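We will go through it one place at a time.

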Amino acid sequence: MEWGRSQRSGAVIRLAESAIRRYFPLAQALEDRALESSGTLAKNLIVVTADGLRWQEVFEGIPVSSPLCKPEDGRDAGQALPRETLMPFFWNTLARHGQVYGNRRYGSEVSVANRMRISYPGYSEIICGFPDDKRIILNSKKQNPNRHVFEWLNKQRGYRGRVAAFGSWELFSWIFNEERAEIPVNAGFEKIRTRGGLSAGQYRLNALLDSSPRPWHDHVRPDTLTWAFAKEYLERRRPRVLFVGFGETDEYAHEGNAAGYVQAIARFDSLLAEIWRFIESHEHYRGKTALLITTDHGRGRHNWRMHHPLAPGSEETWFAVASPDLEARGEVRESGQIRHEQFARTMLRLIGQHHEASDARMAPEPEVVFEKENTLFAAPRMDGGSFPAPEVPVTPGGRGPER
Ligand SMILES: [Zn+2]
């Protein structure tokens with residue numbers, strides 16, 4: 001939804017501030033001045049997640065030896081694909097402009113710190129900066145008791161009223177604790193509502209929710225719809241901080257639908273390309289936006305269908321980061337360990353923000369991401385100059401979801 005459900009006085013003040021910013025460009029400019037001293041070129045941050053997408057598929061594609069290629073329970077097997085065919089945008093464009101961690105064949109290890117290795121604890125760790133194995137142990141509709149960096153950023157000058165989250169999975173509203181955080185969270189099949197009335201695009205998107213297939217009932221909407229809602233919001237409201245959580249990969253994997261899982265990965269890649277294209281084609285974002293892309297947990301090394309505290313491999317993940325301020329290193333083939341609890345402070349540093357009221361539980365950002373190893377080469381700008389024509393996503397044949 002567009003506005004927090006609770007209408008406290010703080011919300012009223014923010015509403016007034018938002019109106020002022022909206023109707024008085026000078027006030028907006030003054031707010032933006034606050035960002036000039038941030039020390040980073042990136043003033044915007046977009047965080048994208050693909051639920052339960054394994055590092056094995058990201059780095060290795062689908063080799064013939066993959067369990068995804070072996071028929072299981074009479075289901076369709078996945079098709080062998082090199083990684084550049086499975087995720088052409090990720091490897092041909094994103095990796096060349098950024099840094100990709102998590103290829104364990106080279107000792108680059110990315111892991112979740114929480115011991116649950118399921119989604120709610122995974123996303124909470126990412127946005128809060130620490131695991132909470134005592135209180136966050138289930139995927140249940142309970143408000144997150146912990147504060148997160150999106151909530152904190154929404155209170156900072158230059159970012160007030162310019163933070164939003166969109167997710168395929170309905171639980172994001174609880175994970176972000178939408179009421180307390182007072183940032184709009186649109187997730188699952190929830191329609192978007194605004195105080196100022198819907199745009200024609202939002203009206204159409206709400207109608208699409210009604211007519212969309214619901215293979216996973218009301219829990220997870222199609223990822224393309226999640227991006228459509230997020231894009232409409234980007235066009236209309238120009239948020240500076242945006243979370244986009246995609247969910248289809250995990251759903252197909254749990255079903256054991258290898259072909260569906262592989263197709264969902266290919267769609268995720270094409271959605272990343274669309275996000276990149278959006279950034280490159282808008283003055284407000286081009287050359288001023290940092291991207292952090294990851295997942296919420298891994299999956300079993302052999303049994304790719306599942307993930308849980310006792311399934312080895314469920315903690316093993318990956319992440320990619322790109323920003324006009326960072327060195328472009330591509331796939332990082334050096335050994336090292338990065339944990340998801342480090343992402344929250346990473347997000348802040350990417351846009352030059354410092355969490356002063358620091359929560360002692362928040363893990364420090366991984367310095368390796370920010371190191372300038374070779375000062376002779378400036379970090380390439382995401383200036384769109386080398387952006388390739390969109391490629392047709394891979395859609396190997398196979399059955400759709402069965403529930
Ligand atoms: Zn799952």
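Below we visit a metal site and then a pair of helices.

Keep in mind as you look that this is a predicted model. Let us begin at the zinc ion. Its protein donors are D250, which is listed with two OD atoms, together with H254 and H307, each through NE2. These donor atoms lie 2.0 to 2.5 Å from the zinc ion. The angles that the four donor atoms subtend around the zinc ion run from 55 to 149°, and therefore the arrangement is irregular; to count as tetrahedral, all angles would have to lie between 85 and 135 degrees.

Where do the donor residues sit along the chain? Their spacing in sequence is D-x3-H-x52-H. H254 belongs to helix α12 (residues 248–255), while H307 is in the loop between β7 (289–294) and β8 (316–317). The two histidines are 53 residues apart, so this pair links distant parts of the chain.

Now move to helix α11 (residues 223–237) and helix α13 (residues 258–280). Their axes come within 11 Å and cross at roughly 10°. Because angles under 35 degrees count as roughly parallel, α11 is described as roughly parallel to α13. On the α11 side, the contact is made by D223, T224, W227, K231, L234 and E235; α13 contributes L271, E274, I275 and F278. Sorted by class, this contact has five nonpolar, one polar and four charged residues.

Conventions: Residues numbered from 1 in each chain as written. Predicted model: local features only at pLDDT ≥ 70, side-chain atom pairs only at ≥ 80, totals over all residues. Heavy atoms only, no water. Axes fitted to C-alpha atoms, helices over the stretch in contact; angles between N-to-C directions. Helix = DSSP H or I, 4+ residues; strand = E, 2+ residues; numbered from the N terminus. Parallel < 35°, antiparallel > 145°, perpendicular 65-115°, else oblique. Contact = heavy atoms within 4.5 Å. Nonpolar A, V, L, I, M, F, W, Y, C, P; charged D, E, K, R; others polar. Donors = N, O, S within 2.8 Å, 3.2 Å for Na, K, Ca; no water. Tetrahedral: all angles 85-135°; square planar, octahedral: opposite > 155°, others 65-115°. Buried < 20%, exposed > 50% of the residue type's maximum accessible area, 1.4 Å probe, protein only.
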